Amino acid sequence: MTCPVCFCCYPVEAGLNDREARRVADEIAKVPAGLGELVLRYAGLFRRAGALLDWHQAINIVARLGSMIAAGEMRRGAACAPAPPEIWREALEQMLARRDGLDLPLTSDGYLRRVVVEMAL
């Protein structure tokens, strides 16, 4: 198995042997079908160059994003727009495609939230 965030290779059993890694897997399981890998790759945008993303940070990012996706709408300032999973997929794909142009590591979800609102309106 290769982690889509840190690109470490390890057996599935090893990845699920860690309590925090299981919590990340539990949070990913709550994300709508087809978005899990994109959410994990997005979490990788918070990783500092040359460093690993710590499991606790990954749990927080995945859970936060899962909650936003589950809400089905995105609020940003006075704007509120319906945000079904398809919008999230497009926004995540767009951000990941622009990875080289982003100021990394990310420190918040602000840019993603803006992209979702713009796509939804």
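**Reading helix packing and strand pairing**

Tutor: Helix α5 (residues 85–97) and helix α6 (residues 110–120) have axes that come within 9 Å and cross at roughly 130°. This is a predicted model, in which local features need pLDDT of at least 70 and side-chain atom pairs count only at pLDDT 80 or more, while totals for chains, interfaces and linings use all residues. Residues are numbered from 1 along each chain as its sequence is written, and side-chain values use heavy atoms, leaving out hydrogens and water.

Student: What describes two packed helices?

Tutor: Two packed helices are described by the angle between their axes and the distance between the axes. Axes are lines fitted to C-alpha atoms, for helices over the stretch in contact, and angles run from 0 to 180 degrees between N-to-C directions. Helices (H or I, at least four residues) and strands (E, at least two) are DSSP runs, numbered from the N terminus.

Student: Which word describes how α5 and α6 lie to each other?

Tutor: Angles under 35 degrees count as roughly parallel, over 145 as roughly antiparallel, 65 to 115 as roughly perpendicular and the rest as oblique. α5 and α6 are therefore oblique to each other. Their contact (heavy atoms within 4.5 Å) involves I87, W88, E90, A91, L92, Q94 and M95 of α5 with Y111, L112, V115, V116, M119 and A120 of α6.

Student: At what angle do α2 and α4 pack?

Tutor: The angle between α2 and α4 is about 10°, and their axes are 9 Å apart. These two helices are therefore roughly parallel to each other. In this contact, E20, A21, R23, V24, E27 and I28 of α2 meet W55, H56, A58, I59, V62 and A63 of α4.

Student: With which residue does R23 form a salt bridge?

Tutor: A salt bridge is a side-chain nitrogen of Lys or Arg within 4 Å of a carboxyl oxygen of Asp or Glu. R23 forms one with E20, and the closest N and O atoms are 3.5 Å apart. Both residues belong to helix α2 (residues 19–30), 3 residues apart, about one turn of the helix. By this rule, the count is 6 salt bridges.

Student: In which sense do strands β1 and β2 pair?

Tutor: Two strands pair if DSSP finds at least two bridges between them. Strand β1 (residues 73–76) and strand β2 (residues 79–82) pair in the antiparallel sense over 4 bridges. M74 stands opposite A81 in β2. The hairpin of β1 and β2 has 2 residues between the strands, and G77 takes a positive phi near 65° there.
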